[in-house]
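Have the model up beside you as you read.

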Amino acid sequence: MVGYILCALLVTAGLFVLTDVRPRDMTEGLRRPFEKEVGRKRRIRQITGSAPSLRQRLMEEAAAMLDASGMGEQVATYRNMAALMAVAGFLAGLAMENILASLVLAVGLAMVPLTVIRLRTADYTRMVNEKLEMAMSSVTNSYVATGNLLTAVERVLTMLPAPVNDIFSRFVVDMQYLDGNVVRAIQRMREASENWYWKEWCGALIQCQDDVSLNRTLSGIVERFSEMRQIQLEVDTTLRKHMSDYVVTVMLVLGSIPLMGLMIPDWYDMLMHTLPGKITLAVVLATVLATSVWVSRAHVPAEGVEKR
């Protein structure tokens with residue numbers, strides 16, 4: 001059975017190479033007839049206010065996370081990856097002659113790209129929040145010293161880290177070449193990030209335009225942001241330890257199957273070739289894949305939110 005599947009995969013790969021056809025071309029060709037229907041259902045859902053399906057929610061979540069991390073152009077790549085991994089998981093289950101494991105692996109491995117997106121987005125969010133804190137601190141100190149926001153931003157602009165420096169560069173452009181209204185420029189700058197402390201800081205900047213003596217309140221916002229990031233770092237350290245324990249546990253669980261096959265062949269035969277054994281294996285795989293999704297959710301930082 002395994003030999004047949006490998007031969008089929010090799011023949012399929014050879015046909016792709018000989019005909020110079022990419023898998024993306026096929027998926028786009030298959031998806032194109034359904035795009036109008038998908039768009040129609042999306043418009044109906046928006047008009048009626050009905051809740052999207054689980055698949056639609058997952059796709060919208062993935063697209064939103066990629067856009068938030070500046071990787072929106074990779075949506076199609078991750079979508080194709082999910083399809084390929086679903087097929088690979090289904091074939092792996094067939095190779096084990098376990099249709100339940102095929103379904104579990106197909107669904108579970110299709111979720112792997114979403115898990116990767118969530119982890120990459122979480123790391124990107126941590127990086128942006130770190131740079132955002134540095135930029136807010138630099139601009140605050142300069143603003144307290146000068147009393148003029150445009151002058152303060154221009155003084156430290158070259159020292160601000162990327163990608164946050166683009167936000168303040170657009171502010172300078174707005175002030176010098178477009179509007180010239182500092183409040184409206186701050187309001188546009190405020191929409192550049194969903195970070196709670198950033199929005200409060202920009203709101204305080206707007207208040208400072210009526211009373212410049214309020215600029216000393218900006219330091220308090222930055223300090224609270226720094227304290228929250230420090231707490232998040234401690235939480236991340238604890239999470240990484242637990243994630244390492246989780247990975248070791250998963251490796252022990254999955255690695256014990258072939259190991260027990262060498263030590264106790266009868267147990268392995270019961271697991272792989274009897275109905276109770278196949279159900280047990282499918283349940284174990286489903287548990288591993290479901291917990292991996294839960295762990296990836298726990299990895300998302302919460303430092304941009306403050307509850308009152």
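Entry 1: I started at Asp174, which is buried at 11% relative accessibility. My cut-offs are under 20% relative accessible area for buried, over 50% for exposed, and partly exposed in between, with a 1.4 Å probe and protein chains only. Its partner is Arg188, and the two side chains meet in a salt bridge at 3.2 Å, N to O. The pair links distant parts of the chain, with Asp174 in helix α8 (residues 165-178) and Arg188 in helix α9 (residues 182-190), 14 residues apart. Arg188 is partly exposed, with a relative accessible area of 40%. By salt bridge I mean a side-chain nitrogen of Lys or Arg within 4 Å of a carboxyl oxygen of Asp or Glu. Helices here are DSSP runs (H or I, at least four residues), numbered from the N terminus.

**Entry 2: ground rules.** I am working on a predicted model, where local features need pLDDT of at least 70 and side-chain atom pairs count only at pLDDT 80 or more, while totals for chains, interfaces and linings use all residues. Residues are numbered from 1 along each chain as its sequence is written, and side-chain values use heavy atoms, with hydrogens and water left out.

**Entry 3: the other salt bridges.** How many salt bridges does the rule give? I get a count of seven. One of them joins Asp236 and Arg126, with N to O at 2.7 Å. Asp236 sits in helix α11 (residues 217-263) and Arg126 in helix α6 (residues 112-146), so this pair ties together parts that are 110 residues apart in sequence. Are these two partners buried or exposed? Asp236 is buried at 4% relative accessible area, and Arg126 is also counted as buried, at 14%. I also noted a network of salt bridges that links Asp123, Arg126 and Asp236.

A further salt bridge runs between Asp245 and Lys241, whose closest N and O atoms are 3.5 Å apart. These two are separated by about one helical turn, because they stand four residues apart in helix α11. Asp245 is partly exposed at 38%, whereas Lys241 is exposed at 53%.

**Entry 4: cysteines.** I looked for disulfides, meaning a pair of cysteine sulfur atoms within 2.5 Å. The structure holds zero of them. I checked two cysteines for burial: Cys202 is buried at 0% relative accessible area, and Cys208 is buried at 2%.

**Entry 5: back to α8.** Val172 lies in helix α8 as well, and I find it buried at 9% relative accessibility. Which residues does Val172 touch, leaving aside neighbours within four places in sequence? The contacts (heavy atoms within 4.5 Å) are Leu150, Val153, Glu154 and Leu157.

Entry 6: Pro163 is in the loop between α7 (149-156) and α8. The peptide bond that leads from Ala162 into Pro163 is cis, with omega near 0 degrees. As a reminder to myself, most peptide bonds are trans, and most residues other than glycine have a negative phi.

**Entry 7: the loop between α4 and α5.** Glu97 is found in this loop. Glu97 is not a glycine, yet it has a positive phi of about 60 degrees. At 46% relative accessibility, Glu97 is partly exposed.

Asn98 belongs to the loop between α4 (75-95) and α5 too, but Asn98 is buried at 3%. A polar atom of the Asn98 side chain lies 3.2 Å from the backbone nitrogen of Leu100. Not counting residues up to four places away in sequence, Asn98 touches Gly93, Lys278 and Leu281.

**Entry 8: a nonpolar patch.** Which residues make the nonpolar surface patch of about 550 Å²? I listed Ile99, Leu100, Leu103, Leu275, Ile279 and Val283. Patch residues have over 30% relative accessible area and no salt bridge; nonpolar side chains (Val, Leu, Ile, Met, Phe, Trp, Tyr) are joined within 5 Å, and like charges within 9 Å. The areas come from the Shrake-Rupley method with a 1.4 Å probe, and for residues only the protein chains shown count as cover. Helices α5 (99-110) and α13 (275-298) each supply at least two residues of the patch. Leu275 lies in helix α13, and Leu275 is exposed at 59% relative accessible area.

Key:
A polar contact is a pair of N or O atoms within 3.5 Å; within protein, one must be able to donate a hydrogen and the other to accept it, and residues adjacent in sequence count only if both atoms are side-chain atoms.
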